[in-house]
Amino acid sequence: KEELSHVRTCSVSRMSRYLNDAHQVNKGLGEGISDKELDFLAKRVTLLIYEEGSQIISEGMIANYVFFILEGSVVAKVGGAQGEKIGQLSKGQFVGETAFVDGFLTEKPRNNDVFAGTETVMLAAMSYSALPELNSAYPLLAFKMFHRMAQTILSRLRSQVNAVEKR
């Protein structure tokens with residue numbers, strides 16, 4: 001299954017506005033990101049739009065992209081559409097970052113399924129192929145984004161550890 005099956009065309013200026021609007025919710029792309037950095041990023045991401053219930057990520061799929069939620073929310077599940085809900089993410093958050101970070105140098109499969117949880121979900125997809133140029137032109141932006149992804153992963157891990165400790 002193709003990881004980018006719901007691509008939509010979008011001007012750079014519109015994508016920059018989408019990124020800025022979602023980023024302002026919780027500084028989801030990282031702290032201290034400038035308009036110039038957002039414009040650079042807007043040229044290197046792809047707009048995806050999904051309808052409620054549509055599958056965005058499939059367990060076992062090789063992670064070539066990380067997604068930033070521009071609008072709506074997504075639901076992560078184990079075991080497919082009827083499986084157990086393990087999380088919900090919304091505007092201004094990354095999704096698919098664990099496999100993306102883990103598979104940075106080696107191909108790693110995704111470890112759960114993700115579905116559109118609201119009527120319309122808009123995502124910005126960034127591929128591994130965009131990283132060298134991003135790191136060359138704006139290394140601090142690349143660092144901030146990976147730092148935010150790492151914070152997200154660690155937050156989830158801490159929540160899981162705390163839940164186990166309370167048992």
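**Close-ups of the predicted model**

**View 1. Asn111, out on the surface.** With a relative accessibility of 51%, Asn111 counts as exposed (that takes over 50% relative accessible area, while buried means under 20% and partly exposed is in between, with a 1.4 Å probe and protein chains only). This is a predicted model, so local features need pLDDT of at least 70 and side-chain atom pairs count only at pLDDT 80 or more, while totals for chains, interfaces and linings use all residues. Residues are numbered from 1 along each chain as its sequence is written, and side-chain values use heavy atoms, with hydrogens and water left out. Asn111 sits in the loop that runs between α3 and β8 (113–116); helices (H or I, at least four residues) and strands (E, at least two) are DSSP runs numbered from the N terminus. Lys144 is 33 residues away from Asn111 along the chain, and 24 Å separates their C-alpha atoms.

View 2. Residues 12–26 make up α1, 15 residues in total, and the helix reaches 22 Å from its first C-alpha to its last. That is close to the 21 Å expected at 1.5 Å a residue (1.5 Å times one less than the number of residues). Met15, Ser16, Leu19, Ala22 and His23 are the buried residues here. They share one side of α1 because they cover an arc of only 140° around the axis, judged by the directions from the helix axis to the C-beta atoms. An α-helix has 3.6 residues a turn, so residues three or four places apart point the same way. What do the buried residues of α1 pack against? Their partners are α2 (35–42), β2 (46–51), β4 (65–71) and β9 (120–127), with contact meaning heavy atoms within 4.5 Å.

View 3. Lys27 follows α1 and lies in the loop between α1 and α2. Its phi is near 55°, a positive value in a residue other than glycine. Most residues other than glycine have a negative phi. With a relative accessible area of 30%, Lys27 is partly exposed.

**View 4. The buried residues of α2.** In α2, look for Glu37, Leu38, Phe40, Leu41 and Ala42, which are buried. These buried residues pack against α1, β9, α4 (131–137) and α5.

**View 5. The largest pocket.** About 520 Å³ of space lies in this pocket (on a 1 Å grid over the protein atoms alone, a pocket is an open set of points with protein on both sides within 12 Å along at least five of seven lines, a cavity is a set where a 1.4 Å probe fits but cannot get out, and lining residues have an atom within 4 Å of a point). Volume here is the space filled by probe spheres set on the points, which are joined across faces, edges and corners. Of the 19 lining residues, Ile86, Glu97, Thr98, Asn112 and Arg156 lie nearest the centre. At least two lining residues come from each of β6 (84–90), α3 (97–102) and α5 (139–165).

View 6. The whole structure holds one cavity of 30 Å³ or more. The largest cavity has about 60 Å³ of space. Among the residues lining it are Leu19, Leu41, Phe67 and Met145. β4 and β9 are the elements that give two or more residues to this lining.
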